[in-house]
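Welcome! Take a moment to look at the sequence and the 3D structure, and then we will go through them together.

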Amino acid sequence: KPQHVSCSFPCVGVCKAGNQLAMLDAATSLFLELPRILRDIEGRFGSLPATVFLENVSELGLITRLRS
């Protein structure tokens, strides 16, 4: 079962050089798929990963750690 999940997604909606649309940007909003992916992992393996690493720009200001 997965202990750690690492993910990255396009930053065009949240980076200074991007369009500043945040999660309204279609590519950046792929981040919103993460809960579904984690539910799939939990359903398949019976628990969530101990750690979820998110890689993106500092403007996102998001650090997430999940415990099963």
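Which residues are linked in a network of salt bridges? They are Glu33, Arg36 and Asp40. Before we look at them, here is how to read the model. This is a predicted model, in which local features need pLDDT of at least 70 and side-chain atom pairs count only at pLDDT 80 or more, while totals for chains, interfaces and linings use all residues. Residues are numbered from 1 along each chain as its sequence is written, and side-chain values use heavy atoms, with hydrogens and water left out.

**The charged network**

A salt bridge here is a side-chain nitrogen of Lys or Arg within 4 Å of a carboxyl oxygen of Asp or Glu. By this rule there are two salt bridges, listed below.

| Salt bridge | Closest N and O atoms |
|---|---|
| Glutamate 33 and arginine 36 | 2.6 Å |
| Arginine 36 and aspartate 40 | 3.1 Å |

Arginine 36 and aspartate 40 both lie in helix 1, four residues apart, which is about one turn of the helix. For accessibility, buried means under 20% relative accessible area, exposed means over 50%, and partly exposed is in between (1.4 Å probe, protein chains only). Glutamate 33 is partly exposed at 34%, arginine 36 is partly exposed at 39%, and aspartate 40 is partly exposed at 38%. Side chains of opposite charge can pair when their charged atoms come close.

**The overall fold**

Now step back to the whole chain. The protein chain has one helix and two strands, and they follow the pattern β-α-β along the sequence. Helices (H or I, at least four residues) and strands (E, at least two) are DSSP runs, numbered from the N terminus. Strand 1 and strand 2 (residues 51-55) pair in the parallel sense over five bridges; pairing requires that DSSP finds at least two bridges between two strands. Valine 5 has valine 52 in strand 2 as its bridge partner.

**The core**

What lies inside? A nonpolar core is a set of buried Ala, Val, Leu, Ile, Met, Phe, Trp, Tyr and Cys residues joined through side-chain atoms within 4.5 Å. The largest one has nine residues: Val5, Cys7, Phe9, Phe31, Leu34, Leu38, Ile41, Leu48 and Val52. Strand 1 (4-8) and helix 1 (34-45) are the elements that give two or more residues to this core, and helix 1 gives the most, with three. Buried residues make up 26% of the 68 residues in the protein chain.
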